[in-house]
Amino acid sequence: LNIASCRHVSRSAFEEVFAAGKTYPNLEEIDVSFHTVVDDYIVGRIFQCCPKLQKLVAFACFNLRDAQVPAGVALIGGLKAQDPIVLQGHHY
């Protein structure tokens, strides 16, 4: 799913689509680059709703600072390169 630079997507839309209880079991890759409303909370909801996610691209998501990335998921962009990344779970 690539919605990079689709600036008309609101925070409330992200919250509705990735609300608790919603699941997208086949979604493996998402690009949300250049969405300034994407933050740690939205990214956390994406991780919760997409159990097979392998890659999340989040360039220029300036409110994304302390995301807890599940093991086995690549988070591209969004974090300062010098900061540590917190991994959750186990990678097998």
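What does the accessible surface of the protein chain come to, and what share of it belongs to carbon and sulfur atoms? The total is about 5800 Å², with 54% belonging to carbon and sulfur atoms. Areas come from the Shrake-Rupley method with a 1.4 Å probe, and for residues only the protein chains shown count as cover.

The model is predicted: local features need pLDDT of at least 70, side-chain atom pairs count only at pLDDT 80 or more, and totals for chains, interfaces and linings use all residues. Residues are numbered from 1 along each chain as its sequence is written, and side-chain values use heavy atoms, with hydrogens and water left out.

**View 1. The protein chain has 2 helices and 5 strands.** From the N terminus on, the order is α-β-α-β-β-β-β. Helices (H or I, at least four residues) and strands (E, at least two) are DSSP runs, numbered from the N terminus. Of the 92 residues in the chain, 30% are buried. Buried means under 20% relative accessible area, exposed over 50%, and partly exposed in between (1.4 Å probe, protein chains only). Among contacts with a separation of 6 or more, 54% join residues 24 or more positions apart. A contact means heavy atoms within 4.5 Å.

**View 2. The largest nonpolar core holds 21 residues.** Such a core is a set of buried Ala, Val, Leu, Ile, Met, Phe, Trp, Tyr and Cys residues joined through side-chain atoms within 4.5 Å. I30, V32, I46, L53 and L56 touch the most other members. Helix 2 gives the largest share of this core, 5 residues. Leaving aside residues up to four places away in sequence, L53 touches L27, E28, E29, I30, I46, F47, G72 and V73.

**View 3. F18 and Y24 form an aromatic pair.** The structure holds 1 such pair. The F18 and Y24 ring centres are 5.8 Å apart, with 75° between the planes, an edge-to-face arrangement. Rings of Phe, Tyr and Trp (its six-membered ring) pair if their centres lie within 6.5 Å; planes under 30 degrees apart count as stacked, over 60 as edge-to-face and the rest as tilted. F18 is buried, at 5% relative accessibility. Y24 is partly exposed, at 27%.

**View 4. H35 is buried in the model, at 2% relative accessibility.** H35 sits in the loop between strand 1 and helix 2. Not counting residues up to four places away in sequence, the contacts of H35 are I3, A4, S5, C6, R7, V9, F14, A60 and C61. C6 belongs to the segment before helix 1 (11-17). C6 is partly exposed, at 23% relative accessibility.

**View 5. F34, F59 and I76 make a nonpolar surface patch of about 260 Å².** Patches are made of residues with over 30% relative accessible area and no salt bridge; like charges are joined within 9 Å, nonpolar side chains (Val, Leu, Ile, Met, Phe, Trp, Tyr) within 5 Å. A salt bridge is a side-chain nitrogen of Lys or Arg within 4 Å of a carboxyl oxygen of Asp or Glu. F34 is partly exposed, at 38%. F34 lies in the loop between strand 1 (29-31) and helix 2 (40-49).

**View 6. F34 and A60 have positive phi values.** Most residues other than glycine have a negative phi. Phi of F34 is about 70°. Phi of A60 is near 60°. A60 is in the loop between strand 2 (55-57) and strand 3 (68-70).
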